[in-house]
Amino acid sequence: MTTTVGADPDVVGPYLAGVLGDERWRSVSVELIAAGMSNLTYVVTPASGSADDAVILRRPPTGAVLATAHDMVREHKVISALAGTPVPVPRTLHLCTDVAVLGAPFYVMERVVGVHVVTELPAGYADEPAQRREIADGLIDVLGDLHAVDPAVVGLADFGRPEGFLERQVRRWTKQWDATRDTDRPALDALAARLAETVPGTQRAGITHGDYRLDNCLLDPQVRSRVRAVLDWEMSTLGDPLTDLGMLFVYWPQAGENRAVSVSGVTALPGFPTRLELAERYAAGTGTDLSALNWYVGFAYFKFAAIVAGIVARSKAGAMAGKDTSGYAEKIDPCVELGRAALDDGAL
């Protein structure tokens with residue numbers, strides 16, 4: 001998309017020239033990446049340069065947002081802190097907290113070149129089942145690497161409050177649903193209540209991504225098992241790492257499934273492991289007890305339903321910068337049913 005809503009090149013260029021100390025940025029082109037439904041991501045390229053010179057700019061969506069959402073300072077902080085760890089992240093270049101510049105805080109980071117898998121695999125990239133398994137193994141191993149990082153060692157000891165994390169998460173997403181509800185959905189209310197009544201004990205705390213999935217990563221063009229960069233850290237915090245595994249399940253349809261909530265069916269292709277196989281690899285690599293995994297999966301579907309409700313609300317308010325949100329409201333009820341099935345039937 002070529003729209004520059006939220007990142008006027010006549011403002012971005014001179015600003016970057018000043019803060020980066022490089023006059024080649026004074027004149028730029030700005031392209032909105034047509035992916036994601038929350039924070040806005042732009043490719044900024046100097047007029048005298050090429051795609052190799054481009055950087056990435058991230059800012060909140062235009063229009064009103066929930067008070068705790070889309071925090072650019074937190075996103076910049078966690079990415080900067082993870083530099084040098086086994087977790088692959090882009091290098092941050094600048095954080096701007098002056099809302100007078102673009103109307104909201106934003107940050108700039110390096111542009112990482114990689115394979116971005118959303119609804120299909122690029123032809124010739126992972127045509128064989130064994131190659132697809134490599135992608136999945138790399139993805140789950142990076143998640144384990146993230147959860148192994150000691151927050152205090154990388155300067156993130158104050159990045160969240162692990163104590164009572166799960167209880168607060170249920171309350172937070174219940175409040176988000178209340179703030180953005182489009183209609184009465186008693187089954188969603190019942191799922192929220194059930195989750196609040198059955199919160200498991202947390203085994204260990206760590207850095208959580210909050211929305212870890214295949215299309216929030218860039219893969220290495222040559223080595224399929226290597227993740228080049230993990231993106232979209234806006235919901236990261238300190239908490240229970242199993243919430244990340246539960247959320248990954250929401251985005252991981254497997255062979256024979258046609259779930260209405262699925263954004264992509266890529267992982268249903270031959271070679272990709274099942275969700276339980278993903279969990280087994282994660283448990284083997286991290287030593288985590290997964291006996292309460294059904295609760296985390298149920299919570300993930302609830303959280304996803306609340307997120308979708310927020311997307312629908314922002315779309316109605318005209319705050320989605322031209323992104324297509326048609327059909328999103330129809331995902332909420334099936335998502336709630338999958339959350340209920342995880343809790344009641346152990347259906348993972």
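## Asp220 and Arg226

Asp220 is buried, at 7% relative accessibility (buried means under 20% relative accessible area, exposed over 50%, and partly exposed in between, with a 1.4 Å probe and protein chains only). Its side chain meets that of Arg226 in a salt bridge, at 3.4 Å from N to O (a salt bridge is a side-chain nitrogen of Lys or Arg within 4 Å of a carboxyl oxygen of Asp or Glu). Arg226 is partly exposed, with a relative accessible area of 45%.

## Basis of the values

This is a predicted model, in which local features need pLDDT of at least 70 and side-chain atom pairs count only at pLDDT 80 or more, while totals for chains, interfaces and linings use all residues. Residues are numbered from 1 along each chain as its sequence is written, and side-chain values use heavy atoms, with hydrogens and water left out.

## Other salt bridges

The search of the whole structure gives 23 salt bridges. One of them joins Arg275 to Glu257, with the closest N and O atoms 2.8 Å apart. Arg275 lies in helix H8 (residues 275-286) and Glu257 in the loop between helix H7 (242-250) and H8, so this pair ties together parts 18 residues apart in sequence (helices, H or I of at least four residues, are DSSP runs numbered from the N terminus, as are strands, E of at least two). Arg275 is buried at 5% relative accessible area, whereas Glu257 is partly exposed at 28%.

Asp344 and Arg340 form another salt bridge, the closest N and O atoms being 3.1 Å apart. Both residues lie in helix H10 (residues 332-345), 4 residues apart, or about one turn of the helix. An α-helix has 3.6 residues a turn, so residues three or four places apart point the same way. Asp344 is partly exposed at 40%, and Arg340 is partly exposed at 31%. A network of salt bridges links Arg133, Asp137, Asp141, Glu277 and Arg281.

## Helix H8

The end C-alpha atoms of H8 are 16 Å apart, which agrees with the 16 Å that its 12 residues should span at 1.5 Å a residue (the expected span is 1.5 Å times one less than the number of residues). Buried residues in H8 are Arg275, Leu278, Ala279 and Tyr282. They cover an arc of only 95 degrees around the axis, which puts them on the same side of H8 (the arc is that of the directions from the helix axis to the C-beta atoms).

The cover over these buried residues includes helix H4 (129-148), H7 and helix H9 (293-316) (contact means heavy atoms within 4.5 Å). Exposed residues Glu280 and Ala284 are carried on the face of H8 turned away from its buried side. After H8 comes Gly287, with a positive phi near 75 degrees.
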